[in-house]
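Subject: Structure for your review

Dear colleague,

Please find the structure below, followed by an account of what was found in it.

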Amino acid sequence: MKKLEDVLAWGGTKKDIAFLAVSGLALLVSIFDLAPLPFDAAWVAILLCGVPIVLEAVIGLVTAFDIKADVLVSIALIASVIIGEDFAAGEVAFIMQLGSLLEELTVARARAGIERLVRLTPRTARVVRDGQEIVVPAEQVAVDELLRVLPGETVPVDGVIVSGQTSINQAVMTGESLPVDKGAGDEVSSGTVNQFGAFEMRSTRVGENSSIQRMIRLVQSADAGKAKIVGVADRWATWIVVIALTAAALTWIISGEIIRAVTILVVFCPCALVLATPTAIMAAIGNATHHGFLVREGDALERLATVSRFAFDKTGTLTFGTPRVTAVESALPELSREELYNCAAGAEMRSEHPLGKAIVRCYREEMDKEPSAPEAFSMLPGRGVRAVVEGKEVAAGNAQLLAEEAIEIPAEAQAAAAAHSNEGCTVIYIALDGRFAGFIALSDTLRPDAQDTIRRVREAGVTPVLLTGDHESAAGAIARRLAIEEYRAGCLPEDKLRYIDASQEQGKQVCMVGDGVNDAPALKRAFVGVAMGGIGSDIAVDAADIALVNDDIREIPHLLRLSRRMMRTIRLNMTFSMALNFVAIVLAMTGALNPVVGALVHNAGSVVVIINSALLLKWRERT
């Protein structure tokens with residue numbers, strides 16, 4: 001169900017569109033005298049579009065002495081009405097409200113991410129008190145209490161495992177693509193998910209101090225330091241008002257003709273200047289949409305044009321976030337690679353572990369057949385699996401599992417496995433009938449366009465940076481493959497925030513590209529946040545300024561260059577509009593323009609600005 005303010009905002013937008021449509025029709029009736037009316041039809045535009053402008057200007061002046069572009073517009077409106085130039089007043093009001101509507105449409109914001117993040121917070125916890133397990137609200141858990149967490153449950157508070165073996169999905173906190181095996185003495189964080197074995201833990205941080213609550217506070221406060229771009233017309237409003245009033249007063253005094261003074265006020269109305277930015281932004285947003293981007297913040301493209309660093313998350317952004325088999329190595333002369341692969345895939349057929357599922361999936365894709373079905377199967381949380389495949393006893397898992405089976409891993413196999421680990425792979429060791437048989441290496445899959453994307457970002461004069469929650473070897477391997485010189489491994493959400501803050505304090509504005517819940521604070525704090533809209537979490541998308549709907553990262557360099565082209569268009573629009581205004585003022589001072597003709601002249605300027613902005617719709621840099 002839509003929130004009340006969202007409904008009211010949309011209702012207000014529809015009302016503005018209706019008022020503009022009626023006002024535009026009224027101005028046509030007025031200028032061409034299409035219908036006999038007891039009053040000038042331009043008054044419809046004055047009342048529907050002009051009165052709100054005047055009220056807003058008065059409120060801004062009275063409450064905060066805030067001089068914006070609408071102050072000059074209000075002066076021109078009132079002066080035009082006083083001397084009977086109703087059409088000029090209505091036309092100015094119409095153009096200004098059109099520009100205001102365009103700005104409203106480009107700065108629409110959606111902030112549902114915090115609510116979704118709060119829903120990730122565990123509601124209850126299983127606390128063991130006096131030997132009895134009781135379920136209590138998570139916020140009632142005290143420090144140093146004993147808790148029990150069952151498979152599939154969310155860890156309610158931060159703590160340390162005291163007994164049990166399991167695998168924890170930590171994506172919500174670190175963004176890691178693979179679950180992490182945990183045992184006694186290992187730390188676990190609230191909001192992470194227990195995937196397999198039951199375990200008992202001792203609470204260390206609870207309530208507002210827990211990891212998930214800190215994450216919520218980070219997201220809530222992350223955009224506090226993000227600068228908002230002020231409209232150009234509003235930024236120059238004070239000078240425009242002073243110059244216009246001075247020119248009008250001097251002209252009236254010298255010529256003695258108030259009509260010339262009013263004409264100056266009309267032609268000095270910053271209509272084209274007000275339209276210069278929103279029309280270019282709307283056209284650029286339309287271009288971005290054709291390339292798979294949803295621009296959720298109106299000034300996001302303006303900010304993007306000034307960034308000097310692109311910070312990329314790894315998992316799900318530069319990689320697909322799904323493990324694949326990269327090597328199958330047999331240690332037994334009589335055992336072929338295919339036979340080892342079949343035994344491992346058969347043993348993992350009933351496994352729920354993501355690595356086991358990946359082995360089975362990759363075997364089916366590579367061999368184009370089903371692995372041999374296991375005759376017996378048992379899951380060993382935090383270590384691996386045991387199974388009987390084609391009469392052979394198979395053990396597949398980590399080094400700890402083989403150590404429990406008293407199976408020694410040869411030195412050459414350890415060295416080969418270490419080489420794969422240094423490249424960011426996860427190694428699954430395999431034993432057959434009590435003998436070490438070999439290993440399978442799995443790693444995340446790099447997106448095929450990642451290298452080209454990073455190269456083009458660098459060619460645009462922007463420094464690419466890798467920020468990831470993965471361990472050092474995985475981060476280093478990806479950074480080397482992509483030729484990224486600067487990277488940070490083992491990043492928690494607050495670590496990414498610290499990097500962004502440090503960079504931006506040095507004047508190096510950062511665009512963050514990510515997909516996970518753990519990226520949400522960084523996406524919100526960065527000067528610009530771009531979320532992967534296809535595979536990304538709703539929370540990440542809501543925190544970002546821009547969503548890449550189809551996850552096609554090769555379009556990111558186009559978005560960067562489009563933003564710069566948009567800013568050049570805006571500067572050209574502003575230069576033209578100001579030059580036109582000054583020329584019109586000179587003509588108004590000499591009496592060559594009256595208010596109606598003056599209104600039409602600067603209306604023509606607005607049309608030129610709109611046409612120039614529209615060229616952005618189809619723009620794409622030639623390569």
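The side chain of Glu365 makes a polar contact with the side chain of Arg324 at 2.8 Å; a polar contact is a pair of N or O atoms within 3.5 Å, where within protein one must be able to donate a hydrogen and the other to accept it, and residues adjacent in sequence count only if both atoms are side-chain atoms. This is a predicted model, in which local features need pLDDT of at least 70 and side-chain atom pairs count only at pLDDT 80 or more, while totals for chains, interfaces and linings use all residues. Residues are numbered from 1 along each chain as its sequence is written, and side-chain values use heavy atoms, with hydrogens and water left out.

Glu365 lies in helix α15 (helices are DSSP runs of H or I with at least four residues, strands runs of E with at least two, numbered from the N terminus). Glu365 is partly exposed, with a relative accessible area of 46% (buried means under 20%, exposed over 50%, partly exposed in between, with a 1.4 Å probe and protein chains only).

Helix α15 (residues 354-367) also meets helix α14 (residues 337-347).

Elsewhere, Asp158 is found in strand β4 (residues 158-163). Asp158 is buried, with a relative accessible area of 0%, and its side chain reaches the backbone nitrogen of Ser190 at 2.8 Å.

Yours sincerely

Note on methods:
Axes are lines fitted to C-alpha atoms, for helices over the stretch in contact, and angles run from 0 to 180 degrees between N-to-C directions.
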